Amino acid sequence: NEYSITSARGKWIEKKGIQFFRSGIPVKVNLMEGAWRFILWKAYFCVMNNDSRYMQRCLDLALLGAGTVSPNPMVGAVIVLQDRIIGEGYTSPYGGPHAEVNAISAVIAAYGQEEAERLLAQSTLYVSLEPCSHFGKTPPCADLLVRYKVKCGVIACLDPFAAVNGKGLAKLTAAGIATRVGVLEKEALWLNRRFFTRVQAH
């Protein structure tokens, strides 16, 4: 029997459980592995599509802060549980709560403190910029995510600001939060291009 699936990532084929083709490149698998590899690939493709979809929502939210957050960057955050958004927020105005804080506050407002804590511990937080790790006009967002034990963090791009610059990501990983970086990175960098240019010039 031959099964195939076609997507933007190319065509994968399982033929008698012997091998798969991705964009014409065969990958050897044994008979027992074949079906599972096929299932895992479909799950992987679904996850990656969802990552992009939820990160795009972050970027759309971030734009709502345009004109009010400068000199800080525009940031959006979305909290997802079982493929459903349970909270979202964006940074605005300057000196006010950051996107991650507003997203978590939205979950608390919707479900109550105790239930929110339970849900957040099972959720993935998507954010268009690395969570801050320092005390400025607000406390560190990375500390808040650690406090609520968010299960996973997906970050579009790192923050080159010297007080952050990888430190927020390091706090998350040190706390055991699974992280992914680089989803819609180019789009996120373009959104805050003026902020990045200013920060990198100093």
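Leaving aside its neighbours within four places in sequence, which residues is Ile104 in contact with?

## Ile104 and its surroundings

Ile104 is in contact with Ile79, Leu120, Leu144, Leu145 and Tyr148, once its neighbours within four places in sequence are left aside, where contact means heavy atoms within 4.5 Å. Ile104 lies in helix α2 and is buried, with a relative accessible area of 2%; buried means under 20% relative accessible area, exposed over 50% and partly exposed in between, with a 1.4 Å probe and protein chains only.

Ile104 also belongs to the largest nonpolar core, which has 46 residues and in which Met55, Ile79, Ile104 and Tyr126 touch the most other members. Helix α1 (residues 31–63) gives the largest share of this core, six residues. Such a core is a set of buried Ala, Val, Leu, Ile, Met, Phe, Trp, Tyr and Cys residues joined through side-chain atoms within 4.5 Å.

## Basis of the description

The model is predicted, and local features need pLDDT of at least 70, side-chain atom pairs count only at pLDDT 80 or more, and totals for chains, interfaces and linings use all residues. Residues are numbered from 1 along each chain as its sequence is written, and side-chain values use heavy atoms, with hydrogens and water left out.

## The protein as a whole

The protein has seven helices and nine strands, taken as DSSP runs numbered from the N terminus, with helices being H or I of at least four residues and strands E of at least two. Of the 202 residues in the protein, 43% are buried.

## Packing of α2 and α3

Helix α2 (residues 99–111) and helix α3 (residues 113–120) pack with their axes 7 Å apart and at an angle of about 130°, which makes α2 oblique to α3. Angles run from 0 to 180 degrees between N-to-C directions, and axes are lines fitted to C-alpha atoms, for helices over the stretch in contact; those under 35 degrees count as roughly parallel, over 145 as roughly antiparallel, 65 to 115 as roughly perpendicular and the rest as oblique.

On the α2 side the contact is made by Ile104, Val107, Ile108 and Tyr111, and on the α3 side by Gln113, Glu115, Ala116, Leu119 and Leu120.

## Loops

The peptide bond from Ser70 to Pro71 is cis, with omega near 10°, and Pro71 is found in the loop between α1 and β5 (76–81). Lys149, in the loop between α4 (141–147) and β8 (152–155), has a positive phi of about 55° although it is not a glycine, and at 62% relative accessibility Lys149 counts as exposed.
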